[in-house]
Amino acid sequence: MVLLFPWKPLLSLLLFLSLFFYEHWISIPSCNIVPNTDLNQQEHDVVEEENDNDEVLKVMLVANLLLLGSDTSFFNLYFRDYYMSKVFKQKSFYSLKPDMLLVMGDVSARGSTLTRGKWVSVLHQFHGMIGPFIELPFHVVLGDMDVGGCSGLDSNSVYWIARSFPGLDSSGCGAFDIDNVSFVSLNAVALLCGNNKLRFSVEKAVEMERIGSWMDSEKEMSDYGEFTKMSDSFGRRKDLVTSGLGPVLLLHFPLHRAGNGGCKEGNIVRKAPMPLRQGLNALESSRGYTGAPYELWNTIPPNATQYIFQALKPRTDEADILVLLMLDAFWIVFSAHAHEFCDHTHSDGTREITVPAMTWKARDDPGFVFATFRSGGNTVSVSYCSLARESHVLIAYTLILFLLITLWLVANKPYNMCLR
């Protein structure tokens with residue numbers, strides 16, 4: 001009697017195990033440190049070694065989630081949003097162990113056109129997606145998809161949306177401290193507009209930050225209105241500017257870059273020509289991302305950029321430079337909107353990191369940024385974390401489905417021949 005090896009059940013089990021481990025693997029981000037090549041790398045390594053025992057603040061920065069709430073399609077809900085939720089809930093939270101989450105705008109794909117009831121469904125979806133991050137300090141910067149363009153920018157609507165997120169004032173700005181690192185977020189959408197109430201409110205917030213940072217007592221700061229009170233959302237503000245330390249600036253739109261500026265990915269410097277960047281919008285439309293108030297290459301105007309630099313960047317003279325080096329003082333800007341990662345150094349030495357879109361709705365290869373701030377220093381380590389390409393995942397699933405169908409046909413071949 002010949003015993004046949006039960007290869008069919010084992011092969012089926014092998015395929016299902018492969019599917020399980022593949023699903024586990026594709027939700028694990030691949031993170032690589034992006035070195036700041038403007039610093040002497042040898043000195044940078046020495047600082048890193050000396051500060052290994054320092055307290056650190058680990059921050060995960062994401063952008064352009066483009067959630068649809070109750071209008072989410074079946075494919076987005078059970079495929080795209082499902083995998084992004086796994087990245088938040090399982091892989092990023094437990095493997096990277098961040099202390100804080102920063103969302104750099106465009107939580108909603110159609111926020112500016114939604115009713116309040118629809119917005120509530122987007123907020124529920126957002127809270128469900130970030131999972132355990134809801135227990136950590138998190139801050140949301142308002143984007144153009146959230147509040148709309150200049151033509152439809154309404155202060156009452158912005159206030160209603162802003163109060164749905166922690167640490168924002170009525171104009172969509174905020175300021176807070178965590179572990180001696182100071183953060184300031186501005187409603188960059190209002191800065192693109194002309195003379196309007198919201199723009200004046202944002203400029204007032206900038207002035208409050210500049211004046212408040214030079215105050216000698218908290219009692220004096222209490223007279224400066226709502227923006228400075230936002231500091232109590234996470235911790236007390238410190239008098240950082242007087243010691244040469246500038247706040248970490250959070251914006252949805254990137255600052256203006258002379259000559260379309262270059263971007264660094266690791267040691268690679270690239271420049272995206274305007275026709276190519278314009279072509280990105282056609283690609284976004286093909287992936288279901290439509291109706292954006294501003295094109296992807298839009299930046300904050302030069303005059304507003306200069307105003308921000310003058311108001312918020314630490315003022316230093318030659319005598320202060322040595323002190324700042326000893327303190328390892330830094331000034332860094334984080335932005336988003338462009339859907340792609342960029343590490344840009346402005347002409348005055350300011351480093352700006354543009355956070356890529358973290359959804360397959362916007363690009364085939366989404367990602368996020370992970371930043372580590374060491375206490376009291378400019379040793380801010382920036383890592384670019386990439387996720388699996390949607391096209392690769394779909395190809396893999398198609399292949400697995402093909403193998404399963406083939407296995408089923410082979411397993412039922414004798415039965416099919418008998419029917420004939």
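Q: Buried means under 20% relative accessible area; what makes His337 count as buried in this predicted model?
A: The relative accessibility of His337 is 0%. His337 is placed in the loop between strand 10 and strand 11 (342-345).

Q: Where is Asp179 found, and why is Asp179 called partly exposed?
A: Asp179 is in the loop between strand 5 (174-178) and strand 6 (181-185). Its relative accessible area is 43%. Partly exposed covers the range between the buried limit of 20% and the exposed limit of 50%, so Asp179 belongs to that class.

Q: How do you know that Cys31 and Cys385 form a disulfide?
A: The S to S distance of Cys31 and Cys385 is 2.0 Å. A disulfide requires sulfur atoms within 2.5 Å, and therefore the pair qualifies. The search of the whole structure finds two disulfides, one of which is this link. It joins distant parts of the chain: Cys31 lies in strand 1 (residues 30-33) and Cys385 in strand 14 (residues 380-386), 354 residues apart.

Q: Why is the disulfide of Cys31 and Cys385 called right-handed?
A: The torsion about its S-S bond is about 110°, so the disulfide is right-handed.

Q: What makes the accessibility classes of Cys31 and Cys385 what they are?
A: Cys31 has a relative accessible area of 31% and is therefore partly exposed, between the limits of 20% and 50%. Cys385 has 0% relative accessibility and counts as buried, because this is under 20%.

Q: How do you know that Cys150 and Cys193 form a disulfide, and what is its handedness?
A: The sulfur atoms of Cys150 and Cys193 are 2.1 Å apart, which is within 2.5 Å, so the pair is a disulfide. With -100° about the S-S bond, this link is left-handed. Cys150 lies in the loop between helix 5 (144-147) and helix 6 (155-162), and Cys193 in the loop between helix 7 (188-191) and helix 8 (197-213), so the pair ties together parts that are 43 residues apart in sequence. Cys150 is partly exposed at 31% relative accessibility, whereas Cys193 is buried with a relative accessible area of 8%.

Q: Why is the ring pair of Phe75 and Phe79 called tilted?
A: The whole structure holds 17 aromatic pairs. In the pair of Phe75 and Phe79, the centres are 5.0 Å apart and the planes make an angle of 35°. Phe75 is partly exposed at 38% relative accessibility, while Phe79 is buried, with a relative accessible area of 9%.

Q: What makes the pair of Phe334 and Phe373 edge-to-face?
A: The ring centres of Phe334 and Phe373 are 6.4 Å apart, within the 6.5 Å limit, and the planes stand at 75°, which is over 60, so the pair is edge-to-face. Phe334 lies in strand 10 (residues 332-335) and Phe373 in strand 13 (residues 367-374), and the pair links these distant parts of the chain, 39 residues apart. Both residues are buried.

Q: Which residues do ring pairs link into a cluster with Phe75 and Phe79?
A: Tyr82, Tyr83, Trp360 and Tyr397 belong to the cluster together with Phe75 and Phe79.

Q: How do you know that strand 3 pairs with strand 2 and with strand 4?
A: Pairing needs at least two bridges; strand 2 (residues 56-62) and strand 3 are joined by four, so they pair, and they run parallel. Strand 3 and strand 4 (residues 138-140) have three bridges, also in the parallel sense. Val59 stands opposite Met100 in strand 3, and Leu101 has Phe138 in strand 4 as its bridge partner.

Q: Which elements make the right-handed β-α-β unit that ends in strand 3?
A: Strand 2, helix 3 (residues 74-96) and strand 3 make this unit. From strand 3 the chain crosses through helix 4 (residues 116-130) to strand 4, in a β-α-β crossover that is right-handed.

How values were computed
Residues numbered from 1 in each chain as written. Predicted model: local features only at pLDDT ≥ 70, side-chain atom pairs only at ≥ 80, totals over all residues. Heavy atoms only, no water. Right-handed = clockwise from strand over helix to strand, strands pointing away. Phe/Tyr/Trp six-rings, centres within 6.5 Å; stacked < 30°, edge-to-face > 60°. Buried < 20%, exposed > 50% of the residue type's maximum accessible area, 1.4 Å probe, protein only.
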